[in-house]
Amino acid sequence: MSQKSKYQSEASWRLRHRPYIVAAVLAFVLTMLVAPEVNEGDGMEPALKGGQVLVVTKKSYSANRGAPKLGQIVILEKTLAPEVYGDNIISRVVGLPGDEIEIKNGKVYRNGKEYITEGGISGAEGSLSVKVSKDDVFLLSDNRRSTMDSRNKKLGTVDMREIKGNVKFIIWPLSDLGGVQ
């Protein structure tokens, strides 16, 4: 086989398989950056409903790399507190490192000021006062009747390194398609 025909054969192979190569590379990149997740339960209602399929951007946090943004909806690894919930826990960040969080009379206070999360259902049960350490965040479900957040003594404040990523979009059902607040 001549050098020219060998080159044409390789070029022809690349051309024939280009769609598969592009698809494989795209799939690899997407699985490294984003992941689908099914929301189970009602802990984040009304922002998220049970059964919705979410797109989670994979992001890691720590005291050195920075904390998630206040109000951001994050997802925790299911291995973090299996006795709290058998699946991944999805909650909203309401306390950052150094913050003082207090819950009393059905209201949430952050550093002494009343804190209202987007879409949150009022009525945080009981009373609690906690100072968030430099490596942790305080998470609270929008549905205050839920116990899948930092109010649960088995979970408590969460080490930022246990955060799997941020919830960005709802992709199913199609009637709910869009960004997450």
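Strand 4 (residues 89-95) is largely enclosed by the rest of the structure, because 7 of its 7 residues are buried, where buried means under 20% relative accessible area, exposed over 50% and partly exposed in between (1.4 Å probe, protein chains only). This is a predicted model, in which local features need pLDDT of at least 70 and side-chain atom pairs count only at pLDDT 80 or more, while totals for chains, interfaces and linings use all residues. Residues are numbered from 1 along each chain as its sequence is written, and side-chain values use heavy atoms, with hydrogens and water left out. Helices (H or I, at least four residues) and strands (E, at least two) are DSSP runs, numbered from the N terminus.

**Strand 4 and its partners**

- Strand 3 (residues 73-76) runs antiparallel to strand 4 and is joined to it by 4 bridges; two strands pair if DSSP finds at least two bridges between them.
- I73 has R92 of strand 4 as its bridge partner.
- Strand 4 is also joined to strand 9 (residues 136-140) by 3 bridges, and these two strands run antiparallel.
- V93 has L139 of strand 9 as its bridge partner.

**Nonpolar cores**

- The largest nonpolar core has 13 residues, of which L76, V93, V137, L139, V158 and I163 touch the most other members; such a core is a set of buried Ala, Val, Leu, Ile, Met, Phe, Trp, Tyr and Cys residues joined through side-chain atoms within 4.5 Å.
- Strand 3, strand 4 and strand 9 are the elements that give two or more residues to this core.
- Another core, of 10 residues, lies apart from it and includes M44, L54, V56 and I170.

- Leaving aside neighbours within four places in sequence, L139 is in contact (heavy atoms within 4.5 Å) with V74, L76, S91, R92, V93, D149, S150 and V158.
- V180 is found in the segment after strand 12 (178-179).
- Not counting residues up to four places away in sequence, V180 touches L48, I73, V167, K168, F169 and I170.
- V180 and L48 are 132 residues apart along the chain, yet their C-alpha atoms are separated by 8.0 Å.

- An open sheet of 4 strands has the order 7-6-5-8, with antiparallel pairing.
- Strand 7 (113-114) and strand 8 (128-131) stand at the edges, each with a single partner strand, so one side of each is left without a neighbour in the sheet.
- Strand 5 (residues 100-104) and strand 8 run antiparallel and are joined by 4 bridges; I103 has L128 of strand 8 as its bridge partner.

**Helix 1**

- W13 is found in helix 1 (residues 3-33) and is partly exposed, with a relative accessible area of 42%.
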